[in-house]
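Okay, thanks for coming, everyone.

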Amino acid sequence: METGKLFIGPRLRALRLERGLTQTDFARLLGVSGSLVNLLERNQRSASLAVLMRLSDVFGLEMQELTSANTQVSLQQLRKTLSDPAVGVDDISIDELRSAMDLAPKVVDGLMALFDSYQVVQERLAGTLETTEDRSKSLRASEQRVHEFFQRKGNYFEELETIAQDFRARHSVSNDHALSLLSNILKAEHGTTVKVVEHEVMTPSVRRYDANEQTLYLSDALDHGNKVFQLAHWIGLMVYADQVDDVVRQAEFTDQHDAARARVALCDYFAAALLMPYEPFLDAAKKWAYDFERLAASFSVSYEQVCQRATTLQRPSNRGIPFFFLRVDKAGNVSKRFNASSIQLARYGGTCPRLDVHYCFRVPGRILTQRVEMPDGAEFITINRTVSRPASRFNQEDRRQAVSVGCAIQHAPELVYGADNTFGLPGTATEIGVNCRLCPRAMCDQRAHESIVRQMPLTESRRGQNRFEN
């Protein structure tokens, strides 16, 4: 292959197929011959600047989406797959990876699909081992299908960003006065009255709509920020129901429970986009080096809401850092997760006990940073802190949870949390896994379950660091 030339065959073909176009139709749109499109897709002809500009004009794509940026992401994914302990190829060069992608894209796609299937089988086996209750498995599967839909979309929904931005601009929404403003809009434009009532009347709900009275009730146990968020969520659910349903249909769910769960998650996304508009929020995040406490105060939202919003800043033309988000309860169970990064997150049960997110409960309210390393060698920085649910009475049980936000270690210098020099030193990372069942690490003193991906050494005459290996 000649150097200095740009070959975009696999990406060009994927772009055409996504839009359901034949090579002839595609060529007509680009103003070139069908034979040229055929040669471009087979990497037998390099893409000229004129072709790239025409692709940008016709399909509204940024130039970098067709060139190096997407290639780099694919290279990272392929390298990560090949370096996984299950594959064990850790000395392959970038040139070899790039050649494989350029010359045999279908083979690469097949390899990636095979590895994805391998991971699915692993995690299904883990889920089967953790429960024998069919209903519980069904509910977890539903949550997983919604999570996979969000991941396929890159945890970013331009349609929802657009309607949230339009609503905010049309009504001059200010977060400082959002509660009264949104209440007045619902009353004036949609005939819905908003009432805050005693928590005892609402129990166990915090938000309830009475269609006969056309009244939306909110619990007085919610703090101001969560009252505003619930109103914003309701606007997405009621005012923009058609637009939200259009997004849900993209997932092609066959189960109504999946669709309902996705609808709720998308309305949460809309609420976050309304209260933390994309461009201002990303600009502030960069200005303050992603100081989540500072962002929460500036936008009058909660720390947890800011952390979740940070995972959605993936607009192709203006991306933020690709974060992942985990929320765990006091028992270590994952109760919520979002992922725009390359890390593999636990789908079932708890997370790795070596994560500092679990230690947060011993120092509530304090932010803990941690450098971690996955079994494949990928390293991440995590930011961990407890979050509290509002209490309705003095003797209510502690409802504290912990959240962990993280990204690839190379982004640490862009974060206020990465200022500690130890993040740049080799050998300072805590070795972790997805969870005990899926972790291949030997001699871990925190192992709670036997690994299903690797048989651990067992010698009766000695005792190891856990009861599963000696």
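So, which helix is His-147 found in? That's α9, the helix running over residues 134-152. Before I go on, please keep in mind that this is a predicted model.

Now, is His-147 buried or exposed? Its relative accessible area comes out at 9%, and under 20% is our cut-off, so His-147 is buried. And who does it touch? Leaving out residues up to four places away in sequence, His-147 touches Arg-337, Phe-338 and Asn-339.

Okay, moving on to a helix pair. Take α11, residues 178-190, and α13, residues 224-238: their axes sit 9 Å apart, and the helices pack at an angle of about 30 degrees. Angles under 35 degrees count as roughly parallel, so that's what we call α11 and α13. The way α11 passes α13 is a left-handed crossing.

What meets what there? From α11 you have Ala-178, Leu-179, Leu-182, Ser-183, Leu-186 and His-190, and on the α13 side they meet residues including Val-228, Leu-231, Trp-234 and Ile-235. Sorted by class, that contact has 10 nonpolar, 3 polar and 1 charged residues.

Let's stay with α13 for a moment. How many of its residues are buried? It's 11 of the 15, so α13 is mostly covered. Among the buried ones are Gly-225, Lys-227, Phe-229, Gln-230 and His-233.

One last check, on length.

Conventions: Residues are numbered from 1 along each chain as its sequence is written. This is a predicted model: local features need pLDDT of at least 70, side-chain atom pairs count only at pLDDT 80 or more; totals for chains, interfaces and linings use all residues. Side-chain values use heavy atoms; hydrogens and water are left out. Axes are lines fitted to C-alpha atoms, for helices over the stretch in contact, and angles run from 0 to 180 degrees between N-to-C directions. Helices (H or I, at least four residues) and strands (E, at least two) are DSSP runs, numbered from the N terminus. Angles under 35 degrees count as roughly parallel, over 145 as roughly antiparallel, 65 to 115 as roughly perpendicular and the rest as oblique. A crossing is left-handed if the near helix is turned anticlockwise from the far one by less than a right angle, and right-handed if clockwise. Contact means heavy atoms within 4.5 Å. Ala, Val, Leu, Ile, Met, Phe, Trp, Tyr, Cys and Pro count as nonpolar, Asp, Glu, Lys and Arg as charged, and the others, Gly among them, as polar. Buried means under 20% relative accessible area, exposed over 50%, partly exposed in between (1.4 Å probe, protein chains only).
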